[in-house]
Amino acid sequence: MDGSADIMAQDSGVWAFGPDKPLRLDSGAKLDNLEIAWRSFGTLNADRSNAVLICHALTLDQHVAGIHPVSGKEGWWTRLVGPGRPLDPADWFILCSNVIGGCNGSSGPGSVDPATGQPYGLTFPVITIGDMVRAQAMLVEAFGIKKLAAVVGGSMGGMQVLQWAADYPQRLEAAVCVASAARHSAQNIAFHEVGRQAVMADPDWRGGAYASAGVRPEKGLAVARMAAHITYLSEAALQRKFGRELQNDGLSFGFDADFQVESYLRHQGGSFVNRFDANSYLYITRAMDYFDLAAPHGGVLAQAFRGARDVKFCVLSFTSDWLYPTLESRHIVRALNAAGAQASFLEIESDKGHDAFLLDEPVMDGALRGFLDSVRSRW
Amino acid sequence: VREDFREILRLVRPGARVIDVGCGEGELLELLVREKQAQGRGLELEAAGVSACLARGLAVVQGDADRDLDAFPSRAFDYAILSQTLQATHNPRHVLSELLRIADRAIVSFPNFGHWRVRWSLLSRGRMPETRALPEPWWSTPNIHLCSLADFNALTADLDLRAEHCAALVRGQAARTIDPTRGIENWRAENALFLLSRRTPAIDPEPTDTPRDLFEA
């Protein structure tokens with residue numbers, strides 16, 4: 001471990017699996033030369049019982065804490081991970097990896113296909129949340145961790161947490177699922193389709209082969225991000241932040257960004273294209289749309305959790321989250337109860353919408369601290 | 001330890017599966033886990049209470065007794081505890097029957113509106129009683145469905161429930177076992193605590209080896 005000047009022990013790398021260890025995909029295809037980019041904080045204890053895996057959301061990455069090597073910004077969940085935080089590297093070994101299909105170092109559509117020497121583009125196989133989790137399980141095994149003390153994630157990360165509980169319950173002590181759902185709703189799929197169509201309508205997308213053409217479908221991806229960003233906020237949060245405030249004095253009687261909310265969304269779209277790959281956006285949104293944890297179990301969600309009776313679950317939702325509303329979390333909790341698992345659930349009062357799970361929500365911090373401390377007390 | 005907690009601890013079989021409905025910060029659940037090796041679950045309305053329970057390592061679901069007991073499968077518990085809350089629910093009859101759907105036994109306590117202090121307060125002042133068991137004025141009390149011991153007896157008979165045990169509770173005093181059908185107890189018991197079970201056995205759900213989703217059930 002690189003114990004650097006930082007007060008946290010941390011490390012990072014890319015785990016390359018050999019040709020003897022292909023990743024079997026739900027589609028029936030397999031992925032050779034699997035690579036998983038990861039980052040860790042803290043140190044594994046002697047019996048490797050203090051490991052927590054953090055699963056990231058759609059457009060995030062393995063840089064959950066510390067400084068992002070490209071943007072120079074702080075990690076995306078420093079509320080949760082860091083000295084004095086609920087997941088303190090002094091106690092926990094915190095591991096986070098970039099999902100497969102992503103664009104921050106793990107195998108994805110932007111990786112080079114060893115068969116052709118060219119970037120995969122759309123020849124990259126379509127992946128699922130189950131595939132992401134299968135890859136994470138390989139990484140966890142490579143670290144010599146037999147049982148994770150916890151798997152934690154919000155939004156798409158929460159989907160991975162539920163998938164872990166369904167597929168590897170014996171390799172988990174506890175699971176934390178924040179602002180998430182056990183399946184994508186018609187509305188969720190609809191918004192993703194808008195985003196994908198925006199990307200594919202950009203002439204620079206080139207059927208996904210933009211990399212070899214030396215261009216990027218930035219306009220399409222920016223529009224996709226703008227539409228998605230609205231779904232991460234709430235009406236109240238938008239109103240509080242922008243209302244009908246104008247950028248300049250008076251209306252322009254044209255189509256420039258008159259309103260501050262327009263300017264904000266344009267900025268969000270514009271900065272997103274610098275850090276995210278358009279094809280990765282297609283693949284990961286597709287994986288989320290395909291997610292329906294109950295489907296392989298005859299549509300009975302409780303059946304998916306029947307092996308997870310000994311796993312302690314903490315499910316959290318936010319009142320103003322209309323992307324993954326509380327009802328979806330209650331649906332998960334019911335199924336966990338029906339399966340006889342140990343489920344805790346809390347709906348947190350917030351007007352910040354879906355994004356609340358990444359923001360200043362002291363009630364969430366307190367609940368997670370309590371839950372994770374109780375997990376830690378069992379080492 | 002509160003007297004009602006002591007009485008509940010006495011009634012619960014060691015190692016039982018218990019749900020505390022309205023578990024607050026989990027004091028009773030923790031006692032049951034520690035002293036009775038119970039497998040404890042909780043239901044609590046307030047976020048602060050749920051957070052406190054999480055910190056104690058308890059499995060607690062946020063929700064209220066009126067609406068959210070349906071999140072639990074039938075006969076999931078040996079005991080369902082509802083302490084001093086029945087009178088604050090919107091539909092006490094439904095809550096009581098739900099308690100005895102999810103559990104084989106229910107432990108229910110409530111303030112007795114037939115207690116002599118309550119009767120005296122109404123008779124002498126002609127105003128809604130404010131007593132040590134019911135301290136709030138009528139316009140701010142959470143207790144919207146108060147009942148007397150006799151009323152509760154009638155409801156349990158109506159729901160075909162058996163009172164296996166009944167105790168009168170007064171703060172700071174040891175619980176006193178009573179026969180709830182004796183008229184004098186309806187004057188004397190400030191609070192009552194019942195251990196209830198179904199007279200007619202519930203229809204067994206499918207073998208629990210194959211859990212069914214409640215939405216599909």
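Guide: Helices here are DSSP runs of H or I with at least four residues, strands are E runs of at least two, and both are numbered from the N terminus. Bear in mind that this is a predicted model.

Visitor: How many helices and strands does chain B have?
Guide: Going by those runs, the secondary structure of chain B comes to eight helices and eight strands.

Visitor: What radius of gyration does chain B have, and how does it sit with the globule rule?
Guide: For 217 residues the globule rule gives 17 Å, and chain B comes out close to that, so chain B is as compact as a globular protein of that length. Along its principal axes, the C-alpha trace spans about 60 × 40 × 30 Å. The radius of gyration itself is 17 Å.

Visitor: What share of chain B counts as buried?
Guide: A residue is buried when its relative accessible area is under 20%. Chain B still exposes about 10500 Å², with carbon and sulfur atoms supplying 51% of that area. Of its 217 residues, the buried share is 51%.

Visitor: And chain A, how many helices and strands are there?
Guide: Chain A has 11 helices and 10 strands. Its radius of gyration is close to what the globule rule gives for 379 residues, so chain A is as compact as a globular protein of that length.

Visitor: Among contacts in chain A between residues at least 6 apart in sequence, what percentage join residues at least 24 apart?
Guide: Chain A has 57% of its 379 residues buried. Its C-alpha trace spans about 65 × 55 × 50 Å along the principal axes. The percentage of those contacts joining residues at least 24 apart is 72%.

Visitor: How far apart are the centres of the positive and negative sets in chain A?
Guide: Chain A carries 33 positive and 41 negative side chains. The centres of those two sets lie apart by 5 Å.

Visitor: What should helix H1 of chain A span, and what do its end C-alpha atoms give?
Guide: H1 of chain A covers residues 129–142, which makes 14 residues at 1.5 Å a residue. The expected span is 1.5 Å times one less than the number of residues. That gives 20 Å, and the end C-alpha atoms agree at 20 Å.

Visitor: How many residues of H1(A) are buried?
Guide: The helix is mostly covered. Among its buried residues are A:Ile129, A:Met132, A:Gln136 and A:Leu139.

Visitor: Is A:Ser97 buried or exposed?
Guide: A:Ser97 sits in strand S6 (residues 93–97) of chain A. Beyond four places in sequence, its contacts include A:Trp38, A:His56, A:Gln136 and A:Leu139. Its relative accessibility is 2%, so A:Ser97 counts as buried.

Visitor: Which loop holds A:Ser155?
Guide: A:Ser155 isn't a glycine, yet its phi is positive, near 60°. At 6% relative accessibility, A:Ser155 counts as buried. Its place is the loop between strand S7 (150–154) and helix H2 (156–167) of chain A.

Visitor: What is the phi of B:Arg75?
Guide: B:Arg75 lies in the loop between helix H4 (65–68) and strand S4 (77–83) of chain B. With a relative accessible area of 27%, B:Arg75 is partly exposed. Although B:Arg75 is not a glycine, its phi is positive, about 55°.

Notes:
Residues are numbered from 1 along each chain as its sequence is written. Chains are lettered from A and ligands numbered from 1 in the order in which they are written. This is a predicted model: local features need pLDDT of at least 70, side-chain atom pairs count only at pLDDT 80 or more; totals for chains, interfaces and linings use all residues. Side-chain values use heavy atoms; hydrogens and water are left out. The radius of gyration is taken over C-alpha atoms; the globule rule is 2.2 Å times the number of residues to the power 0.38. Buried means under 20% relative accessible area, exposed over 50%, partly exposed in between (1.4 Å probe, protein chains only). Accessible areas come from the Shrake-Rupley method with a 1.4 Å probe; for residues, only the protein chains shown count as cover. Contact means heavy atoms within 4.5 Å. Lys and Arg count as positive and Asp and Glu as negative; His and the chain ends are not counted. The place of a charge is taken as NZ of Lys, CZ of Arg, CG of Asp or CD of Glu.
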